[in-house]
Amino acid sequence: MPVENDLVFTLAWDDISPATLPEDSRQPGTELFRRAVTGFLQQQYEPLGGKARIIFNDTDRTLTVRWAKQKGFQSVKDKAQESLRRGDVGVAIPLLKALIAAKANDPIPLYNLGVLYSDQGRLKEAKEILHTAASLDPSNAHIVVAIGVVQARADDLKAAIRTLEQAVRIAPEDPVAHQNLGACLLKQDEAERAESHFRTSLKG
């Protein structure tokens, strides 16, 4: 059983960016992959206070991280935000998973992880995570826009338009909501409505 201060969470092998591993260690399931991933994750977590133990599951291509947290947990949030600003996805995803495990009711790490998955084309996972974030903060227009973007990327334009219209109702002056809604409307040959939202987006 984990002690009270332990964080236990699961990462998919796809959460590990090959760019964070040596070239000879990027083949999932190999011993070199295991060693490289273990070293990378321990390097990320241990300076923040604690010791990480990594358990691999070949059957479902996941790994379980058990982090014995000791101190300085707030710095995990700081490091996650820093990695997001740098665009360092390989570092950001494991840190966001740690934050979600520690603070399940905080929608922001869920939102950030959902956006990263969306950008990676992992749309099903992104949709599930973003809907969880929206359930925690339904008036957050950024989260609603992100759901609309996932729907648009999945070519479900009608759903995307409904979702983005909801985002515009929540935040009438949000330029990102208007821009994405305009793009979806244009793809549906609704040029006049699209132009109106593009114009509004330029005022933001």
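Start by selecting Thr-62, which sits in strand β3 (residues 62–69); strands here are DSSP runs of E with at least two residues, helices are runs of H or I with at least four, and both are numbered from the N terminus. You are looking at a predicted model, in which local features need pLDDT of at least 70, side-chain atom pairs count only at pLDDT 80 or more, and totals for chains, interfaces and linings use all residues. Residues are numbered from 1 along each chain as its sequence is written, and side-chain values use heavy atoms, with hydrogens and water left out.

**Stop 1: around Thr-62**

Is Thr-62 buried or exposed? Thr-62 counts as buried because its relative accessibility is 14%; buried means under 20% relative accessible area, exposed over 50%, and partly exposed in between, using a 1.4 Å probe and protein chains only. Show side chains, and you will find a polar contact of 2.7 Å from the side chain of Thr-62 to that of Asp-60. (A polar contact is a pair of N or O atoms within 3.5 Å; within protein, one must be able to donate a hydrogen and the other to accept it, and residues adjacent in sequence count only if both atoms are side-chain atoms.) Beyond its neighbours within four places in sequence, Thr-62 is in contact (heavy atoms within 4.5 Å) with residues including Thr-10, Trp-13, Ile-55 and Phe-56.

Now step back to Arg-61, in the loop between β2 (50–57) and β3. Arg-61 is partly exposed because its relative accessibility is 42%. Check its backbone: phi is near 55°, a positive value in a residue other than glycine. Most residues other than glycine have a negative phi.

**Stop 2**

Select Gln-151 in helix α6. With 12% relative accessibility, Gln-151 counts as buried. Its side chain and that of Thr-163 are joined by a polar contact of 2.7 Å. Leaving out residues up to four places away in sequence, Gln-151 also touches Asp-156, Ala-159 and Ala-160.

Next, colour helix α7 (residues 157–170). Its 14 residues should span 20 Å at 1.5 Å a residue, and the end C-alpha atoms are 20 Å apart, so the two agree; the expected span is 1.5 Å times one less than the number of residues. Among the buried residues of α7 are Leu-157, Ile-161, Thr-163, Leu-164 and Val-168. To see what covers the buried residues of α7, show α6 and α8 (175–187), which are included in that cover.

**Stop 3**

Move to Asp-189, in the loop between α8 and α9. Asp-189 counts as exposed, at 71% relative accessibility. Asp-189 has a positive phi of about 60° although it is not a glycine.

Continue to Ser-196 in helix α9 (residues 191–203). Ser-196 counts as partly exposed, at 41% relative accessibility.

**Last stop: the whole protein**

Zoom out and switch to a cartoon view. How many helices and strands are there in the protein? There are nine helices and three strands, and from the N terminus the elements run β-α-β-β-α-α-α-α-α-α-α-α. The C-alpha trace spans about 55 × 35 × 30 Å along its principal axes. Of the 204 residues, 43% are buried.
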